[in-house]
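Here is a short briefing on one predicted model. Please read it alongside the sequence and the coordinates.

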Amino acid sequence: MINSISTRAASNSAPIAPNMFRVHRDLPLMRDPAIRILPWIVGLMVYLATMTLAGALLVSGLATQWSAGLTGTLTIYIAATEDQTSHALETEVENAIRLALKTPGVATARAMPPDAVAALLAPWLGADAAIAELPLPRIVDVRLAEDGEIDIADFRRRLEADIPGAGLDDHQLWRDRLVTFLRAIEAIAGVMVALIGVTTLTMVVFATRSGLAVHGDTIEILHLIGAHDEYIAGQFQSQALWLGLKGGAAGSATGIGSLLGLAFAATNLDSGLFPLFLFQPWHWPVLATVPLIAAFIVRQTARRTVLRALDRML
Amino acid sequence: MYLAHRPSRGVVKLFDRDVTTIQRKARSEMRRKIGVIYQDFRLLDHLSVFDNVALPLRIAGAGKNQIRTHVSELLSWVGLDDCLDASPSTLSGGEQQRVAIARAVIGRPSLLLADEPTGNVDDAIAVLLLYLFEELNRTGTTVVIATHNEALVGRFKHDQLHLDQGGIEFRPYSA
């Protein structure tokens, strides 16, 4: 059979047309345990990132919701003194309501019944009849008009001047503290996502270096045959992208499944206690980008690691 | 000569270019002009015979159809058309050598370096391989063969370089 050896192939002068879209893997990367474990690592990290990001989105939404809810209301409190008759106190409440309703920007003003005030204090003071004998302050709940503007300082000044013992609470202090607290949680969530990213990056670098070490001989042969660094990096990056997408999809599906489960469980609870799982429709697409971003990061990390390592070889 | 190492000093010229100063990418391009037949073959066992031979074409960016045609043709010519899907590790030494030769010549190199290319084949096949190299030379490929088999190369009418005791001696062919 060797008699058929000829130089026809060598003298064949057909031009070689480039094919940019071909994907072929000359390196048996999946034989390397460190690379085989990559989808599991990416999957776990995407799951953690999805859950953390979902938490951050919910906290952010909650802060906005609470902030908006509180900015639409004011509370007038009128302290009761021991020598003040209930009739006199009731008159002050009516005066306060009248004053509020005359103020531009106020939509409604409603006195909270003494029973309701007592019910609010019951968890701390007990539900027995003694509460009724205490000089509890009267509360007036003021709702602001949606598009109205109110001069709170002027309202407070007029209220305190006209009605002795009255005060106005615009919840500013409580709201500021709450927003600061929620922003801190958001920042921590951001740091956690960043740490998850850095950990993923580090694992990918180690897995890629392991692959480079395991397949060093094959890489050398590819180089000697004329492969560019880009060609060899392409082998790693396409494998890393595929593994990243695979692991990321699994992690994302698990994460979103967990969130759906929690959201479903929350619907069976008192929504006043658990408004946490009120996902907005745009939250889901944001969460769905996590595996895509992760896969892209994995691909780019593998690529840069290989190119930097190859630069030191041959 | 096949650019396995970067020269630390001096001047080494290949294809009229100083390989000590060329850029990394240009070095890869230059390697594509060089076909190398290694003494230990250096075939990739995780790839089939077909894929081993196709490697230089793939690296050069050839299309699938071109690769299929050229590789099948060349493997047929070296008598391995029934081993396309075999792993190199399952082939005999002589067959592996022919795969290595096919891989070295498929890219139509300007320079062919063969390190003991006849070391694993019998004399009859060795002669045929040298005829192949001679034909390549006639079509414009510079062929450099390193061998201990003086009797074999003595049968061909070409210049020789003899390495002996650290010295080098040029023996031009004289008819």
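In this predicted model, 60% of the chain B contacts between residues at least 6 apart in sequence join residues at least 24 apart. Chain B has six helices and seven strands. Buried residues account for 32% of its 175 residues.

**Overall dimensions of chain B**

- The radius of gyration of chain B is 17 Å; a compact globule of 175 residues would have one near 16 Å, so the two agree.
- Along the principal axes, the C-alpha atoms of chain B fill a box of roughly 45 × 40 × 30 Å.

**Order of elements**

- Along the sequence, chain B reads β-β-α-β-α-α-α-β-α-β-α-β-β.

**The three-stranded sheet**

- Chain B contains an open sheet of three strands in the order 3-4-5, with parallel pairing.
- Its edge strands are strand 3 (34-37) and strand 5 (142-146) of chain B, and each pairs on one side only.
- On average, neighbouring strands of this sheet are turned by 10 degrees against each other, direction ignored.
- Strand 3 of chain B runs parallel to strand 4 (residues 111-115) of chain B, and four bridges join them.
- B:Gly35 has B:Leu112, in strand 4 of chain B, as its bridge partner.
- Helix 5 (residues 123-138) of chain B packs on the sheet and touches strand 4 and strand 5 of chain B.
- The direction of helix 5 of chain B makes about 150 degrees with that of strand 5 of chain B.

**Nonpolar cores**

- Which residues touch the most other members of the largest nonpolar core? They are B:Val53, B:Ala102 and B:Phe133, in a core of 75 residues.
- Helix 3 (residues 38-71) of chain A supplies the largest share of this core, with eleven residues.
- Another core, of 15 residues, lies apart from it; among its members are A:Leu89, A:Ala96, A:Val140 and A:Phe155.

**Contacts of B:Phe133**

- Leaving out residues up to four places away in sequence, B:Phe133 touches B:Leu112, B:Ala114, B:Val143 and B:Ile145.
- One of these contacts, B:Leu112, is also the bridge partner of B:Gly35.

Definitions and conventions. Residues numbered from 1 in each chain as written. Chains lettered and ligands numbered in written order. Predicted model: local features only at pLDDT ≥ 70, side-chain atom pairs only at ≥ 80, totals over all residues. Pairing = 2+ DSSP bridges. Helix = DSSP H or I, 4+ residues; strand = E, 2+ residues; numbered from the N terminus. Axes fitted to C-alpha atoms, helices over the stretch in contact; angles between N-to-C directions. Contact = placed C-beta atoms within 7 Å. Core = buried A, V, L, I, M, F, W, Y, C linked by C-beta atoms within 7 Å. Buried ≥ 20, exposed ≤ 12 C-beta atoms within 10 Å, placed from the backbone. Rg over C-alpha atoms; globule rule 2.2 N^0.38 Å.
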